[in-house]
Amino acid sequence: MLRWMLGCRVVEYYRQIFGEARLMAQALDANNNMKATRKDTGLRLMSRPFAKVGRLVIFGVNHLGAAAIFLFLALSQIFRRKQFAKIIEQIYFIGARSISIIILVSLFTGMVLGLQAHHALVQFGAEGAVGSLVSLSLIMELGPVLTAIMITARAGSAIAAEIGILRISEQIDALSTMRINPMRYLISPRIAAAIVSFPILTAVFDLVGIFGGYVSAVLLVGLNSGAYWHSIQVYVTSGDIFDGFVKAVVFAVIVATVCCYQGYFAHMRRDSHGAQSVGLATTSAVVLSCVLILVSDYVVTSLLI
Amino acid sequence: MDAPLIEFRNVTKRFGSNTVLDRVNLQIYEGQVTTIIGLSGSGKSVMLKHIIGLLQPDEGEILFRGRPIAKIGRARKAVLFSQISYMFQGNALFDSMSVYDNIALPLRETTRLSKSEIDRRVMARIEQTELTEAVWRFPSELSGGMQKRVALARALITDPKIVLFDEPTTGQDPVRKNAILSMIAQYQRKLNFTAVLVSHEIPDVYFISNRILALYDRQIVFQGTPEELENFDHPFMDEVINSLEALQKELTGLYSQRQFKMLNHARMKRQSAEVYGVIVFSLQEMNTLIPKIGHDAAQEALRNLGLAINRHFGIIGGMSTRRNTNEFITMLPHADLAETESLLREFVKDFETQTLDVLKDRTCRVAAGDAADLAVLAGIAEGRNFSDVNETIVQAKMKQHEIARLRCAASGENR
């Protein structure tokens with residue numbers, strides 16, 4: 001149905017070009033071809049910085065397009081046969097095995113928030129709002145963002161490195177020769193697992209964070225327990241929680257796509273070869289994911305408000 | 001000759017400004033073993049990757065049964081590629097999976113076979129490739145030879161019609177090289193697939209190949225049988241074949257068939273009416289022996305026989321060559337039939353005292369309750385005119401009789 005809606009021919013076209021990993025090559029070649037070989041003139045020298053900016057923009061747009069197709073192809077393979085077990089396996093890796101680090105980070109984040117909020121609000125006699133401040137900060141902002149960054153550091157880097165190694169050791173080519181679609185076998189389960197895991201881990205982060213705030217503001221500083229929970233109950237709406245989950249899903253798609261994309265095309269990097277290209281792909285995956293989490297956080301927030 | 005199964009027509013491939021293949025034309029025929037030879041980096045692997053569809057030509061076309069692959073529809077192309085297996089030069093095994101899972105993966109992902117049927121097929125291939133001990137080990141825990149065998153088992157698990165082998169023997173010692181080539185030849189006969197090999201193993205690869213394609217200077221400069229290649233007059237022969245044969249001679253002490261012919265020809269030209277003796281050695285019943293002692297042990301036995309022949313006859317001026325997977329020929333200039341017979345008797349004594357013990361240690365590995373006989377045959381003949389050497393070899397072969405026997409029993413009681 002989805003294929004029909006988007007037009008079968010378009011899907012086939014993208015699938016074909018992606019089958020050969022040509023898209024990335026085209027993106028990079030287009031960029032390289034822009035490096036003029038003609039003799040430099042004064043005007044050309046003056047225009048160099050502009051040309052460089054232009055090249056960078058086109059490079060970025062090309063990669064953005066390639067990554068969008070990459071994501072689309074991966075999403076189109078999620079509901080294929082024999083995917084369920086692979087998705088569960090990835091949920092275990094991305095989700096279940098990240099819980100301990102999420103609990104640790106969220107506990108201390110909530111505790112710091114509780115402490116800071118109490119310290120600031122008590123000066124205005126508004127310490128009753130500590131619970132709502134802690135919970136809303138966590139649910140709408142810190143929960144989704146810090147969860148996404150922590151998963152990027154723990155699982156995203158591993159995904160980029162693993163897929164990069166599969167690529168440079170020809171294991172992805174081997175899949176193709178065995179008629180196993182690498183997008184279906186490697187990428188789709190990871191993106192699906194991220195979409196499932198991020199909101200659940202965000203929820204865990206929020207809950208543990210709120211408990212952390214309770215520990216510091218109520219148990220350690222002495223705020224009234226009823227005031228803490230009451231303000232949460234009054235000020236936090238289901239809409240706030242929904243907004244937090246929307247962000248979590250957006251971050252999931254971004255992190256999984258960026259990490260898989262960087263690993264999948266590690267062999268086509270122009271700045272390095274072999275093992276070094278896997279290392280740089282992993283670094284790029286983590287840095288780019290973190291930057292895009294923060295940029296998209298602003299965009300999504302502005303759309304939701 | 002039949003219509004080719006796969007055909008390249010003016011195929012050109014460039015990577016940036018580097019032209020790797022320049023208007024390449026070649027034909028690969030069904031049911032044959034075709035070997036592509038050429039120097040390293042000459043584009044042999046690139047050619048194979050075009051066949052499997054991992055690379056597309058910049059110019060020209062690739063035809064499958066006379067139809068351009070580019071014009072075959074997606075569904076039919078998928079069916080076509082499903083008949084092709086590819087064994088990568090670096091094996092490309094999935095290093096986070098066990099040997100069993102590596103071999104089972106194509107069946108699990110591309111078929112609807114039951115778990116028990118997949119298990120049956122995988123275990124059968126594992127036994128055939130002598131990997132029973134390594135079933136649950138990971139590729140990084142295996143030796144290079146075992147990894148090659150896992151890659152071979154994985155390539156053959158789907159019963160493909162065409163198998164592409166990209167340097168299947170790279171990085172192996174001489175015994176394992178021949179064991180892998182022998183395994184490929186055995187499966188090719190058994191499963192009757194079309195095999196395309198990229199290999200440097202000259203002349204070993206000749207023994208299993210029906211056709212040789214020579215890639216030189218970005219083009220196919222020769223297509224034909226290994227025998228036809230011997231008469232091929234081209235710079236390729238000097239630059240590629242001679243250097244590889246020289247290396248082979250250095251490693252094994254045996255001459256290649258071409259060197260053997262040329263040396264004899266030159267010698268006999270000088271002494272036109274000179275008599276010479278020919279001895280043809282072989283190991284008996286290799287096909288029944290291999291399932292009992294394994295490919296590696298069988299190749300070890302052949303290698304030791306070759307070394308013993310070369311050591312014994314080389315010092316008295318004899319020249320030896322390996323004629324096919326299981327046959328060695330020694331030519332003894334100036335020796336008549338009586339002298340040849342006497343020299344053979346001395347060889348037998350030498351072989352029994354020096355080589356049989358080595359063979360016992362290295363090759364007598366049979367399953368419990370089983371036994372295998374390693375019998376060495378030899379036949380002699382006398383020739384006078386070098387142009388009739390093939391006839392003399394045939395005569396010697398017809399007179400072959402047993403000269404030594406080693407009995408391998410599971411209990412270790414070998415004699």
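Begin by selecting F70(A), Y261(A), Y264(A) and F265(A), which ring pairs link into a cluster; rings of Phe, Tyr and Trp (its six-membered ring) pair if their centres lie within 6.5 Å, with planes under 30 degrees apart counted as stacked, over 60 as edge-to-face and the rest as tilted. The model is predicted, so local features need pLDDT of at least 70 and side-chain atom pairs count only at pLDDT 80 or more, whereas totals for chains, interfaces and linings use all residues. Residues are numbered from 1 along each chain as its sequence is written, chains are lettered from A and ligands numbered from 1 in the order in which they are written, and side-chain values use heavy atoms, with hydrogens and water left out.

**Rings in chain A**

Over all chains, the structure holds 16 aromatic pairs. Select Y228(A) together with W229(A), an edge-to-face pair whose centres are 5.2 Å apart and whose planes stand at 85°. Y228(A) counts as buried, at 1% relative accessibility, while W229(A) is partly exposed, with a relative accessible area of 39%; here buried means under 20% relative accessible area, exposed over 50%, and partly exposed in between (1.4 Å probe, protein chains only).

A charge sits over a ring if NZ of Lys or CZ of Arg is within 6 Å of the ring centre and within 35 degrees of the ring normal. Then move to F93(A), where R154(A) lies over the face of the ring, at 5.1 Å from its centre.

**The nonpolar cores**

The next selection is the largest nonpolar core, which has 99 residues, and in which those with the most contacts are I187(A), F198(A), Y228(A), I6(B), F8(B) and L164(B). A core of this kind is a set of buried Ala, Val, Leu, Ile, Met, Phe, Trp, Tyr and Cys residues joined through side-chain atoms within 4.5 Å. Helix α9 of chain A (residues 182-220) gives the most to this core, with 16 residues; helices (H or I, at least four residues) and strands (E, at least two) are DSSP runs, numbered from the N terminus.

Centre the view on I6(B), and leave aside residues up to four places away in sequence: I6(B) touches L26(B), Q27(B), I28(B), I51(B), I62(B), L63(B), F64(B) and I162(B), contact meaning heavy atoms within 4.5 Å. A second, separate core of 47 residues includes L93(B), A153(B), V205(B) and Y206(B).

**Salt bridges**

The structure holds 21 salt bridges over all chains, each being a side-chain nitrogen of Lys or Arg within 4 Å of a carboxyl oxygen of Asp or Glu. Select K247(A) and D297(A), whose closest N and O atoms are 3.0 Å apart; this pair links distant parts of the chain, with K247(A) in helix α11 (residues 238-264) and D297(A) in helix α12 (residues 274-304), 50 residues apart. K247(A) is buried at 4% relative accessibility, and D297(A) is buried at 8%.

Compare D271(A) and R269(A), joined by a salt bridge of 3.0 Å, N to O: D271(A) is partly exposed at 48%, whereas R269(A) is buried at 16%. In chain B, select E402(B) and R405(B), whose side chains meet at 2.8 Å, N to O. Finally, select K86(A), R184(A) and E109(B), which salt bridges that share partners join into one network.
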